Amino acid sequence: MALAASFGYQGPVSERARCPAHEKAELLSAVCGAEDRYFGLGGSYNYSACSECGAWVLDPRPPDDVIEAACRAYYPPSLLRHLTARAERGRPVGISGRIRARGAARQLRRLGAKFSGEKQLLDVGSGLGAFLRGMRDLTGVRVRGVDSTPETRRFAAEVHNLDVDVGELEAQQYADASFDFVSAWHLIEHVRDPATTLAEIHRITKPGGWVIIETPTLGTIAELFRSRWVQLQPPAHLHHFRPGTLLALMHRAGFEVLSVRRPWLPGEFAGSLAMRLGLRGFVSKLLSPERRAGWVGVFALTLLADLPLTFFFALTRSTGLIRVYARRPELSLLEPPHPRVPTNTHAGKPGHPRVLPAATAPDGSLVSSPESPRHEQLSEL
Ligand SMILES: [Zn+2]
């Protein structure tokens with residue numbers, strides 16, 4: 001598009017950007033000149049909005065090596081050394097992952113999941129492994145991870161004693177119905193084709209098995225700060241879904257969505273404000289051993305406004321996160337025949353619940369209707 005040429009990313013392009021749910025939909029300019037503030041790659045990027053559902057997609061999309069370089073930069077060697085040394089001194093590492101595990105275990109139990117040592121969890125995009133360790137400790141299930149780099153596998157093995165496979169999920173060729181639980185925290189916004197990844201997650205999940213997907217989504221702060229929204233993170237983030245877009249893709253992949261949450265995201269406002277003020281290298285400056293006291297101070301001060309504000313957004317379900325709990329239905333014969341994702345310009349906006357496609361079995365009977373009692377929580381979106 002013309003704006004891409006005049007404002008944004010100028011490098012080589014790997015393929016035409018498109019909405020993961022609406023391949024043929026027109027893309028409209030949404031965010032121009034979003035700078036790389038995380039990964040040290042430089043450059044600025046554009047996001048376009050799907051004219052049908054409003055999802056933002058990185059447009060144009062850079063080649064894979066640029067995207068992979070950005071993803072590797074989430075875990076710089078200095079950070080891994082720092083955390084390894086901390087673990088060797090007996091200090092806790094990965095507290096946020098353990099908090100995430102506690103919440104996931106509680107919610108899965110509430111939805112009816114049963115844990116035992118016979119069951120296995122796969123975390124796709126397992127990163128440093130704290131979530132897996134937390135789930136192993138809390139529930140006793142066997143755990144496994146898959147992540148893109150050998151560095152994170154080594155860290156997860158040495159610090160948390162975890163088994164992690166390296167590479168893309170699709171390349172692992174796990175057997176059909178291998179896992180009782182599959183989680184993907186902040187993965188789906190990175191993958192080239194979310195529909196393919198969700199289909200692969202569905203294939204490797206046992207019938208009746210449980211799936212958790214969490215990803216940044218477009219809430220009030222995203223709409224307010226746009227190119228300075230703390231979760232935007234070009235060029236690593238290829239897609240930012242509207243809630244309705246993600247839920248429709250999950251239905252299309254064959255999942256029964258049971259619970260949708262918009263978790264409290266402390267720091268979303270403070271981080272976006274720090275971006276607006278011009279902070280580059282946000283993550284490394286705040287989290288690395290070389291962090292600068294001045295920026296940490298600015299961030300801490302803005303947290304005073306951030307905490308009540310982001311809590312309010314959590315109450316009104318308009319935070320920058322969406323967390324979905326879903327199941328692969330028990331009866332695979334009744335999985336939905338890839339219904340079309342509906343169009344709805346209000347998709348995902350607070351107070352405008354998306355009407356999801358009702359999947360039908362080959363005999364025409366209803367399989368999974370969002371209007372059924374099990375989907376009550378969807379109406380809270
Ligand atoms: Zn779309």
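Residues are numbered from 1 along each chain as its sequence is written. Because the model is predicted, local features need pLDDT of at least 70 and side-chain atom pairs count only at pLDDT 80 or more, while totals for chains, interfaces and linings use all residues.

## Overall picture

The protein chain has 13 helices and 13 strands. Helices (H or I, at least four residues) and strands (E, at least two) are DSSP runs, numbered from the N terminus. Of the 381 residues in the protein chain, 47% are buried. A residue is buried if 20 or more other C-beta atoms lie within 10 Å of its own, exposed if 12 or fewer, and partly exposed in between, with C-beta atoms placed from the backbone. Two residues are in contact if their C-beta atoms, placed in that way, lie within 7 Å. Among contacts between residues at least 6 apart in sequence, 77% join residues at least 24 apart.

Let's begin with the open sheet of 7 strands, which has mixed pairing and the order β6-β5-β4-β7-β8-β11-β10. At its edges stand β6 (164-166) and β10 (256-261); each has a single partner strand, so one side of each is left without a neighbour in the sheet. From one strand to the next, the twist averages 15°. Two strands pair if DSSP finds at least two bridges between them.

Strand β11 (residues 321-327) pairs with β10 in the antiparallel sense over 5 bridges. Within that pairing, R261 has R323 of β11 as its bridge partner, and V260 has V324. β11 also runs antiparallel to β8, and 7 bridges join the two. I212 stands opposite Y325 in β11. β11 is mostly covered, with 5 of its 7 residues buried.

The other open sheet has 4 strands in the order β1-β2-β3-β9, with antiparallel pairing. Its edge strands are β1 (27-35) and β9, each of which pairs on one side only. Strand β2 (residues 44-50) and strand β3 (residues 56-58) pair in the antiparallel sense over 3 bridges, and A49 stands opposite W56 in β3.

## Helices around α8 and α10

Helix α8 (residues 194-204) has P194, T197, L198, E200, I201, H202 and I204 as its buried residues. What covers them includes β4 (120-124), α7 (169-172), β7 (179-185), β8 (205-216), β9 (239-240) and α10 (243-253).

Helix α10 lies across β8, β10 and β11, running at about 20° to β11. Axes are lines fitted to C-alpha atoms, for helices over the stretch in contact, and angles run from 0 to 180 degrees between N-to-C directions.

| Helix pair | Angle | Axis separation |
|---|---|---|
| α8 and α10 | about 50° | 9 Å |
| α11 (residues 268-276) and α13 (residues 293-315) | about 135° | 7 Å |

α8 and α10 are therefore oblique to each other. Angles under 35 degrees count as roughly parallel, over 145 as roughly antiparallel, 65 to 115 as roughly perpendicular and the rest as oblique. α8 passes α10 in a right-handed crossing. A crossing is left-handed if the near helix is turned anticlockwise from the far one by less than a right angle, and right-handed if clockwise. On the α8 side, P194, A195, L198, A199 and H202 meet L249, M250, R252 and A253 of α10. The residues of this contact divide into 7 nonpolar, 1 polar and 1 charged. Ala, Val, Leu, Ile, Met, Phe, Trp, Tyr, Cys and Pro count as nonpolar, Asp, Glu, Lys and Arg as charged, and the others, Gly among them, as polar.

## Helices α11 and α13

With its angle of about 135° to α13, α11 is oblique to that helix. α11 passes α13 in a right-handed crossing. Contributing to the contact are E268, F269, A270, L273 and A274 of α11, together with V298, F299, T302, L303, A305, D306, L309 and T310 of α13. By class, the contact has 9 nonpolar, 2 polar and 2 charged residues.

## A look at F131

Finally, F131 is worth a visit in helix α5 (residues 130-139). F131 counts as buried because it has 27 C-beta neighbours inside 10 Å. Not counting residues up to four places away in sequence, F131 touches G97, R100, A101, D123 and W185. The C-alpha atoms of F131 and G145 are separated by 9.9 Å, with the two residues 14 apart along the chain.
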